[in-house]
Amino acid sequence: MSEPQEVGKSHENLNIISAVNQTLYQEMSRDDDVRLLGYDIGPIGGVFRATDGLVEEFGQDRVVDTPLSENGILGVAAGMAMRGERVVPEIQFMGFLYPAFGQFMYVVAKAHKRSGGSIDLPMTIRLPYGGGIQAVPFHSESTETYLIHTPGIRVVCPSTPYQTKGLLAASIRCDDPVVFMEPKAIYREQTEPVPEKSYTLPLDEARVVSEGSDVTVLTWGAMVNHAITAAENVDADVELIDLRALSPIDYETILNSVRKTGRCVVLHEARRTLGLGSELSARINEHAIDCLKAPIKRATGFDIHYPGYRIEDDYLPDSTRAECAIEAVMDYEY
């Protein structure tokens, strides 16, 4: 947690949403080719106010308020990116991405490959995701598996304000299309000192939140805080890894950790079946099964549609379920 002190001397206390806003401002100031588009991102400042004040600063040609048409937003963004602009489209909620999945699959993901590498799409799709805010249907999805399963796309997910600023700046400067998943449940949950100057973080490296020797916990996004709480409450030395890059995944860090601890828990709020935990478990079994002292345990959402807000706390994993998973692998005996 010492990272915010490592870059520069001047800091500002930010939460995740204000880190998004500051990064967009700095990247638009740095590069005239950076443009934003999306529904209500102009005078209203976006559904979560991530773009608050930017249209007043940069004008309507660079902060483009669009109709509510996700298919159109991604299609226009792809065309702009092909012309060399660095486009940051906002899709209000992950559950609204599906109407644009054709553009996502056929154009955004494949244009570089199908053009023999002659076309780059430097675009960063900002995508608030996940539950925890008691929203109405289609506002709480956590279906990152669809995105990770698609070649040609980078998928990034921050968990702190510091991570948010560095990863978002790196995404905007990247020549690949990036889906930037923002855990809206913790948009305003925590503040921390974040360097005022711009900086970037690697888009393909996991973050070791805490080192340990008994069990590895793999997680990302809003679940990182639950994992930290669980690690403090269990009788085990937990090595906690925040994946933050979901595609490509930093398997080297993961496998080195599991080979050291011999136990692994995956914590994510997405549904269990074919969630990313399934792939992580399979990869660890393929490459480090001889080091495992217990079967890998997953603490996840359930294989149902995302429930109504009255019972979403029963659906979402939390620190208690993470603790149970950690204790299960610690108590396991062959």
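Which strands and which helix do the buried residues of helix 9 pack against? They pack against strand 10 (215-219), strand 11 (238-242), strand 13 (264-271) and helix 10 (276-288).

## About the model

This is a predicted model, in which local features need pLDDT of at least 70, side-chain atom pairs count only at pLDDT 80 or more, and totals for chains, interfaces and linings use all residues. Residues are numbered from 1 along each chain as its sequence is written, and side-chain values use heavy atoms, with hydrogens and water left out.

Helices (H or I, at least four residues) and strands (E, at least two) are DSSP runs, numbered from the N terminus.

## Helix 9 and its buried side

Helix 9 spans residues 251-261. Its buried residues are Tyr 251, Ile 254, Leu 255, Ser 257, Val 258 and Thr 261. Buried means under 20% relative accessible area, exposed means over 50%, and partly exposed lies in between (1.4 Å probe, protein chains only). Gly 262 follows helix 9. The phi of Gly 262 is positive, near 80 degrees.

Strand 10 holds Leu 218. Leu 218 counts as buried, at 0% relative accessibility. Beyond its neighbours within four places in sequence, Leu 218 is in contact with Ile 241, Leu 243, Ile 254, Cys 264, Val 265, Val 266, Leu 267, Leu 280 and Ile 284. Contact means heavy atoms within 4.5 Å. Leu 218 and Ser 257 are 39 residues apart along the chain, and their C-alpha atoms are separated by 10.0 Å.

Ser 247 sits in strand 12 (residues 245-247). Ser 247 is buried, with a relative accessible area of 13%. Leaving aside neighbours within four places in sequence, Ser 247 is in contact with Ile 148, Ile 153, Arg 154 and Val 155.

The peptide bond from Ser 247 to Pro 248 is cis, with omega near 0 degrees. Pro 248 lies in the loop between strand 12 and helix 9. Most residues other than glycine have a negative phi, and most peptide bonds are trans.

## Positive phi in one loop

Which loop holds Gln 134? Gln 134 lies in the loop between strand 5 (124-129) and helix 6 (144-148). Gln 134 is not a glycine, but has a positive phi of about 55 degrees. Gln 134 is partly exposed, with a relative accessible area of 48%.

Phe 138 also lies in the loop between strand 5 and helix 6. Its phi is positive too, near 75 degrees, in a residue other than glycine. Phe 138 counts as exposed, at 58% relative accessibility.

## Helix 1 against helix 7

Two packed helices are described by the angle between their axes and the distance between the axes. Helix 1 (residues 16-30) and helix 7 (residues 161-173) pack at an angle of about 30 degrees, with their axes 9 Å apart. Axes are lines fitted to C-alpha atoms, for helices over the stretch in contact, and angles run from 0 to 180 degrees between N-to-C directions. Helix 1 contributes residues including Ile 16, Ala 19 and Gln 22 to the contact. Helix 7 contributes residues including Pro 161, Lys 165 and Leu 168. The contact residues divide into eight nonpolar, four polar and four charged. Here Ala, Val, Leu, Ile, Met, Phe, Trp, Tyr, Cys and Pro count as nonpolar, Asp, Glu, Lys and Arg as charged, and the others, Gly among them, as polar.

Gln 22 of helix 1 is buried, with a relative accessible area of 13%. A polar contact of 2.5 Å joins the side chains of Gln 22 and Lys 165. A polar contact is a pair of N or O atoms within 3.5 Å; within protein, one must be able to donate a hydrogen and the other to accept it, and residues adjacent in sequence count only if both atoms are side-chain atoms. Gln 22 and Glu 196 are 174 residues apart in sequence and 8.7 Å apart in space, C-alpha to C-alpha.

## Asp 65 in strand 3

Asp 65 is in strand 3 (residues 63-66). Asp 65 counts as partly exposed, at 38% relative accessibility. The side chain of Asp 65 reaches the backbone nitrogen of Ile 41 at 3.1 Å. The backbone nitrogen of Gly 42 lies 3.3 Å from a polar atom of that side chain.
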